[in-house]
Amino acid sequence: VTVLAVLLSVPDLLIILLITTLVTLVVSKIPLRHLRFFIGFSAFIIIGTTASQAMFSGAALEPSARVIFWVIPQDFPFFGSITGGVPFTLEGAVYGFIQGFRIIAMLATSAMLVATTPFERLIAGLRELGLPATIMFMVTTAVRFAPTILEEFRMVVNALQTRGIAGNPIRMMEYAMAPLVLNSVRRCNQLALAADSRGFCCGRPRTSFTVEKMETTDYAALISISVFTGTLITLQACWGWFA
Amino acid sequence: MFFVILHKQIYIIINKRIGEIVNGEVPIGTPRKTQADNPTFMQRFTTSDIIVISMFGAAGIVAGILGNVLHGASGLMPFIGAFILHTLIPGIILFSCISTVRKAGSATLVSLISSLIAMPLMGAPLFIPFYLVQGLLADGMIVGLKERMWTPSGISLAAIVYGTVGILMLYYFVLRLQGLEFPLYVVLPSIPLNIVFAIPAALIGLKLGTRASAVLAG
């Protein structure tokens with residue numbers, strides 16, 4: 001989806017891609033609460049891309065673009081002369097609105113991945129793709145560490161709040177980061193000792209509780225998606241289909 | 001007796017030369033080189049290094065997810081979103097990690113771990129090369145600056161490179177591939193602004209990393 005989202009430039013094809021990913025997302029039965037968050041977040045992105053591209057995109061800077069209003073007028077002191085005026089144009093807004101579909105298509109695919117695939121299966125899949133064992137160990141440990149770090153951070157913030165230090169975000173960052181990092185590094189030392197005592201890096205092949213194997217359906221899905229992607233890209237590149 | 005001693009000496013000398021030339025062996029009597037004799041930044045990763053990098057990778061995942069949740073804001077506010085979400089917070093984590101481990105390769109590894117999990121999960125796989133390039137550059141700076149890297153001026157120089165490349169990658173790679181365009185008068189002022197955010201990130205990272213490496217050394 002990312003490859004298609006990057007390569008497709010025709011609005012019709014981008015809309016088809018978006019609809020396909022959204023249908024897949026809905027079919028994957030993610031909780032309604034998450035779906036509502038996704039819709040809100042997508043709306044935020046659409047507003048962001050539309051607003052920024054209405055001012056800054058190539059379509060907005062075309063001489064034929066229809067100006068709705070001027071964000072920075074041409075005769076505005078200093079900034080007007082540097083920028084040549086920043087207009088909010090209709091063509092730019094439409095361009096930005098359509099470009100938002102790219103980002104949402106990628107987001108929908110990722111949301112579906114998170115909602116349907118447990119972390120250990122994702123990591124096992126990465127290992128099957130041939131990533132080195134040390135990197136996989138690091139990725140696994142990092143994923144395992146993420147909630148621990150959040151918990152540690154919450155404890156540090158609670159400790160700061162009980163001492164009446166919380167409030168200023170910059171001071172909070174300074175006072176919270178040091179104990180967070182130092183406590184985590186102490187924990188890392190203990191974990192390293194445990195790993196060494198269990199023969200980590202001894203050169204023997206490692207085994208895993210979760211085993212992922214490519215099956216016939218996986219190969220079939222991989223081939224069909226590749227053919228579909230290749231066809232769309234070829235049609236767009238060679239014949240300008242949907243243009 | 002003389003000939004016996006002479007024979008033994010010639011035998012030893014010839015064996016030493018053959019050993020040096022053919023096998024690349026170290027001549028007898030030469031102190032053996034170990035990992036500890038290499039400069040710190042060229043040493044191999046120990047188990048605790050690997051786990052410390054993973055821990056910073058975990059912090060990078062959290063920061064990456066936070067950054068991407070607020071990614072829409074960087075489209076709406078190009079002057080604020082990008083600097084805090086993609087430079088300040090990830091910068092503190094990256095520079096803390098490399099200042100703790102102090103070995104070449106640590107920056108690439110922490111960037112790889114952070115981006116490999118956080119970015120695809122949050123719908124921004126285009127950020128993987130963005131983070132990787134920043135990690136590779138930081139490693140290049142470790143090799144280039146050697147021990148000078150761990151001084152405030154050295155780490156600030158690395159932060160300038162980090163900030164400049166970060167903003168160029170953001171505007172000309174990530175956003176361009178997402179179809180978003182920004183004119184030169186947005187990109188150019190963003191570079192010094194991004195550096196202004198990158199240097200404190202690097203200095204905070206150095207301070208945290210120095211304390212963390214002392215804890216790691218016991």
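**Close-ups of a predicted two-chain model**

View 1. Glu152(A) is buried, at a relative accessible area of 7%. Here buried means under 20% relative accessible area, exposed over 50%, and partly exposed in between (1.4 Å probe, protein chains only). This is a predicted model, where local features need pLDDT of at least 70 and side-chain atom pairs count only at pLDDT 80 or more, while totals for chains, interfaces and linings use all residues. Residues are numbered from 1 along each chain as its sequence is written, chains are lettered from A and ligands numbered from 1 in the order in which they are written, and side-chain values use heavy atoms, with hydrogens and water left out.

Glu152(A) makes a salt bridge with Arg187(A), and their closest N and O atoms are 3.2 Å apart. The label goes to a side-chain nitrogen of Lys or Arg within 4 Å of a carboxyl oxygen of Asp or Glu. Because Arg187(A) sits in helix 9 of chain A and Glu152(A) in helix 8 of chain A, the pair ties together parts that are 35 residues apart in sequence. Helices (H or I, at least four residues) and strands (E, at least two) are DSSP runs, numbered from the N terminus. Arg187(A) itself is partly exposed, with 37% relative accessibility.

**View 2. Glu151(A) and Arg154(A), a pair inside one helix.** The side chains of Glu151(A) and Arg154(A) form a salt bridge at 3.3 Å, N to O. They are three residues apart in helix 8 of chain A, so about one helical turn separates them. Both ends get some solvent: Glu151(A) is partly exposed at 41% relative accessibility, and Arg154(A) is partly exposed with a relative accessible area of 47%.

**View 3. Over in chain B: Lys103(B) with Asp49(B).** What is the distance between the closest N and O atoms of the salt bridge Lys103(B) forms with Asp49(B)? For this pair it is 2.5 Å. Lys103(B) belongs to the loop between helix 4 (81–101) and helix 5 (106–121) of chain B, and Asp49(B) to helix 2 (residues 47–69) of chain B, so the pair ties together parts that are 54 residues apart in sequence. Lys103(B) and Asp49(B) are both buried. Over all chains, the whole structure has four salt bridges.

**View 4. Ser184(A), in touch with both chains.** Ser184(A) is part of helix 9 of chain A and counts as buried, at 5% relative accessibility. A polar atom of its side chain lies 2.7 Å from the backbone oxygen of Leu180(A). Leaving out residues up to four places away in sequence, Ser184(A) touches Ile149(A) and Met55(B); touching, or contact, means heavy atoms within 4.5 Å.

View 5. Phe56(A) belongs to helix 3 of chain A, and with 10% relative accessibility it counts as buried.

Now to the interface. Chain A and chain B bury about 4,700 Å² between them, 80% of it on carbon and sulfur atoms. That figure is the accessible area (1.4 Å probe) that two parts lose on being put together, summed over both. On the chain A side, Phe56(A), Met138(A) and Val185(A) lose the most area to chain B, together 13% of what that side buries. The contact draws 59 residues from chain A and 48 residues from chain B.

How many salt bridges are counted between chain A and chain B? The count is zero. The interface does hold two residue pairs in polar contact, both at pLDDT 80 or more. A polar contact is a pair of N or O atoms within 3.5 Å; within protein, one must be able to donate a hydrogen and the other to accept it, and residues adjacent in sequence count only if both atoms are side-chain atoms. The elements of chain A that give two or more residues to the side touching chain B include helix 1 (2–7), helix 3 (32–56) and helix 8 (133–162). Helix 9 of chain A gives the most to that side, with 15 residues.

View 6. Chain A has 10 helices and two strands, and from the N terminus on the order is α-α-α-α-β-α-β-α-α-α-α-α. Its C-alpha trace spans about 70 × 60 × 35 Å along the principal axes. Buried residues make up 37% of the 243 residues in chain A. Of the contacts in chain A with a separation of 6 or more, 64% come from residues 24 or more positions apart.
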